[in-house]
Amino acid sequence: MALIDFILHIDDHLITIVNQFGGWTYLILFAIIFIETGLVIFPFLPGDSLIFAASAMAANPQYGLNIWVIYAVVAIAAIVGDTVNYEIGAWSTRTGEKHAWFNKLINQNNRLAAEKFFERHGPITIVVGRFIPFIRTFVPFISGGSKMHYGHFITYNILGGLLWTGLFTIIGFFFGNIPFVKDHFSMIVIAIILVSVVPIAIVALKKKLTLKKEFH
């Protein structure tokens, strides 16, 4: 419940963080984005809404946050996070049964969804997956596990990281302080999450329809 409250009211919690930690807020932003993208066992952290809320605060001078610093911090965190996740995936494949306990920490349903998404769309999934909660955490892990060439991975990783963080930075900075958005922030967060999972729903629906056709 505490996590849900943090996600839905992340704007209020972020204000508290800024008031208490000042310039250290950038490090906290880095840590949260890095953990969400870099550690496969933490796919539930609110990356999208966090970037959106922080960027909205940067548009308000009273909080003393710089939008360019925010963008640089979250972009680097996202890229480094995915790189670490890739290495974890490669390590997991190399060690195999030696570390079976590690697989028990991973949500297998989310992992399977990401694998199917990856199989369907190929390397571009590293870019597209950035915009989909849960999927973005598992895609680099799967990329490393499937032994994707690192040169290909890092190219898509950088592109996806810059686009994902850039989009939510821009949207938050220019639209986050609109009265309607501020008054209905929780609903906006839910809308961001719902819109983000639409691609998964479409893929699942297409697969279901394909299976029905095969059986008929």
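Where is the place of Leu-39 in the chain? Leu-39 is found in the loop between H3 and H4, and the report returns to this residue at its end.

## The model and its overall make-up

This is a predicted model, in which local features need pLDDT of at least 70 and side-chain atom pairs count only at pLDDT 80 or more, whereas totals for chains, interfaces and linings use all residues. Residues are numbered from 1 along each chain as its sequence is written, and side-chain values use heavy atoms, with hydrogens and water left out.

The secondary structure of the chain comes to 12 helices and 0 strands, where helices (H or I, at least four residues) and strands (E, at least two) are DSSP runs numbered from the N terminus. Of the 216 residues in the chain, 44% are buried; here buried means under 20% relative accessible area, exposed means over 50%, and partly exposed lies in between, with a 1.4 Å probe and protein chains only. Among contacts between residues at least 6 apart in sequence, 79% join residues at least 24 apart, a contact being heavy atoms within 4.5 Å.

## Helices H2 and H3

Two packed helices are described by the angle between their axes and the distance between the axes. Helix H2 (residues 10-21) and helix H3 (residues 25-38) pack at an angle of about 135 degrees, and their axes are 9 Å apart; the axes are lines fitted to C-alpha atoms, for helices over the stretch in contact, and angles run from 0 to 180 degrees between N-to-C directions. H2 and H3 are therefore oblique to each other, given that angles under 35 degrees count as roughly parallel, over 145 as roughly antiparallel, 65 to 115 as roughly perpendicular and the rest as oblique.

On the H2 side the contact is made by Leu-14, Ile-17, Val-18 and Phe-21, and on the H3 side by Thr-25, Ile-28 and Leu-29. By class, this contact has 6 nonpolar, 1 polar and no charged residues, where Ala, Val, Leu, Ile, Met, Phe, Trp, Tyr, Cys and Pro count as nonpolar, Asp, Glu, Lys and Arg as charged, and the others, Gly among them, as polar.

## Aromatic pairs

A pair of aromatic rings is described by the distance of the centres and the angle of the planes. Rings of Phe, Tyr and Trp (its six-membered ring) pair if their centres lie within 6.5 Å, and planes under 30 degrees apart count as stacked, over 60 as edge-to-face and the rest as tilted. By this rule the count comes to 5 aromatic pairs. One of them joins Phe-30 and Phe-34, which are stacked at 6.2 Å centre to centre with 5 degrees between the planes. Both residues lie in helix H3, 4 residues apart, about one turn of the helix, and Phe-30 is partly exposed, with a relative accessible area of 27%.

The rings of Tyr-86 and Tyr-150 have their centres 5.4 Å apart and their planes at 65 degrees, so this pair is edge-to-face. Tyr-86 lies in helix H5 (residues 67-95) and Tyr-150 in helix H10, so the pair ties together parts that are 64 residues apart in sequence. Tyr-86 counts as buried at 8% relative accessibility, whereas Tyr-150 counts as partly exposed at 35%. Together with Phe-153, Tyr-86 and Tyr-150 form one aromatic cluster.

## Helix H10 and its buried residues

Helix H10 (residues 150-175) has 26 residues and reaches 37 Å from its first C-alpha to its last, close to the 38 Å expected at 1.5 Å a residue, the expected span being 1.5 Å times one less than the number of residues. Its buried residues include Phe-153, Asn-157, Trp-164 and Phe-168.

Phe-153 has 0% relative accessibility, and, not counting residues up to four places away in sequence, touches Asp-82, Thr-83, Tyr-86, Ile-126, Pro-140, Ser-143 and Met-148. The C-alpha atoms of Phe-153 and Thr-83 are separated by 8.6 Å, although these residues are 70 residues apart along the chain.

H4 is mostly covered, with 12 of its 12 residues buried.

In the loop between H3 and H4, Leu-39 is partly exposed, with a relative accessible area of 28%. Leaving aside its neighbours within four places in sequence, Leu-39 is in contact with Phe-34, Asn-85, Ile-88 and Thr-137. Leu-39 and Tyr-86 are 47 residues apart in sequence and 9.8 Å apart in space, C-alpha to C-alpha.
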